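I opened a new page for this structure. I wanted to look up a few places one by one and write down what I found.

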Amino acid sequence: MTKVELNELFQKAVNHIRRSGDKSAILTHFYRTKPKRYFDAIRIKGCGVMRKYIKNLGGDPASSLNRNIRGLFFSAHLDASTLAPPPQSPYGDERLHIPVPLMMNIDTNLYFADFYCHISSHRVTLVITHRYSASDFFCQQRLIQLNVLCNPFLTLPLSGEYAEVTMGVKVEVFYTEDVDIGNLIWRFPSSVFFTRVKMNKDNNFNRAVLITSIGFSKKDGCTVCNLKKHLKSRK
Ligand SMILES: [Zn+2]
């Protein structure tokens, strides 16, 4: 996807958020939901370190991230009625919560990478990189860098203790570093933690792993999030 096309996608995401009322909420933690077996393997065999892996084919099939960059997906989505992470997930039954400032701070950059929908809800993918890392350089060439103090999706006020996230789309964050969970829990025992969640009905470990490895692909023909040229080619 060219930068011009990505700009069109960015504008579509902004328009969608405006149409949905432009509300935001306070986000204290990013979270990552996986089957308990996934986290157990990290605890037992992985020395507590969650290793980044190559980005799957989820989202827009033309996204420059797909199969090109390593990272870990976290969510910044909050349930509109509780303003907390949703109690259910298709990704698994255990959830790791990490305070926003440990992943997003003055040493990181934020990029807009994708806008897509799966079934009915629209999502944006943002990328958090460590400044001057190889991933940061990759994203600078191909993605749209966001001002962390002022953008339509996810902002970090000057206090830096929490973020504000839009409620107009589901925001997912691709974090391009390994996460040493053991070390984080040792250093921040009261603020880095796990919770149990209900895995969506009809899901199981194998399906959750499959969703992670393939990703949710973009819904074909949606006029809200597909580029004009893709919609034209379908006519
Ligand atoms: Zn859509």
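This is a predicted model: local features need pLDDT of at least 70, side-chain atom pairs count only at pLDDT 80 or more; totals for chains, interfaces and linings use all residues.

My entries below cover a metal site, a sheet and a loop residue.

I looked up which atoms hold the zinc ion. They are Cys117 (SG), His122 (NE2), Cys222 (SG) and Cys225 (SG), at 2.1 to 2.3 Å.

Next came the geometry. The four donor atoms make angles of 105 to 116 degrees, and the site of the zinc ion is tetrahedral. For reference I wrote down that the ideal angle for four tetrahedral donors is 109.5 degrees.

**Sheet**

I traced an open sheet of three strands. Its order is E1-E12-E11, with antiparallel pairing. Strand E1 (24–27) and strand E11 (154–155) are at the edges with a single partner strand each, so one side of each has no neighbour in the sheet. I followed E1 against strand E12 (residues 163–166) and found four bridges, antiparallel in sense. Ile26 faces Glu164 in E12.

**Loop residue**

Where is Pro35? I found Pro35 in the loop between strand E2 (29–34) and helix H2 (36–44). Pro35 has a relative accessible area of 5%, so I logged this residue as buried. I also looked up Ser89. Pro35 and Ser89 are 54 residues apart in sequence, and their C-alpha atoms are 10.0 Å apart in space.

Key
Residues are numbered from 1 along each chain as its sequence is written. Side-chain values use heavy atoms; hydrogens and water are left out. Helices (H or I, at least four residues) and strands (E, at least two) are DSSP runs, numbered from the N terminus. Buried means under 20% relative accessible area, exposed over 50%, partly exposed in between (1.4 Å probe, protein chains only). Donors are N, O and S atoms within 2.8 Å of the metal (3.2 Å for Na, K and Ca); water is not among the atoms, so sites may look incomplete. Four donors count as tetrahedral if all angles lie between 85 and 135 degrees; four count as square planar and six as octahedral if opposite donors are over 155 degrees apart and all others between 65 and 115; anything else is irregular. Two strands pair if DSSP finds at least two bridges between them.
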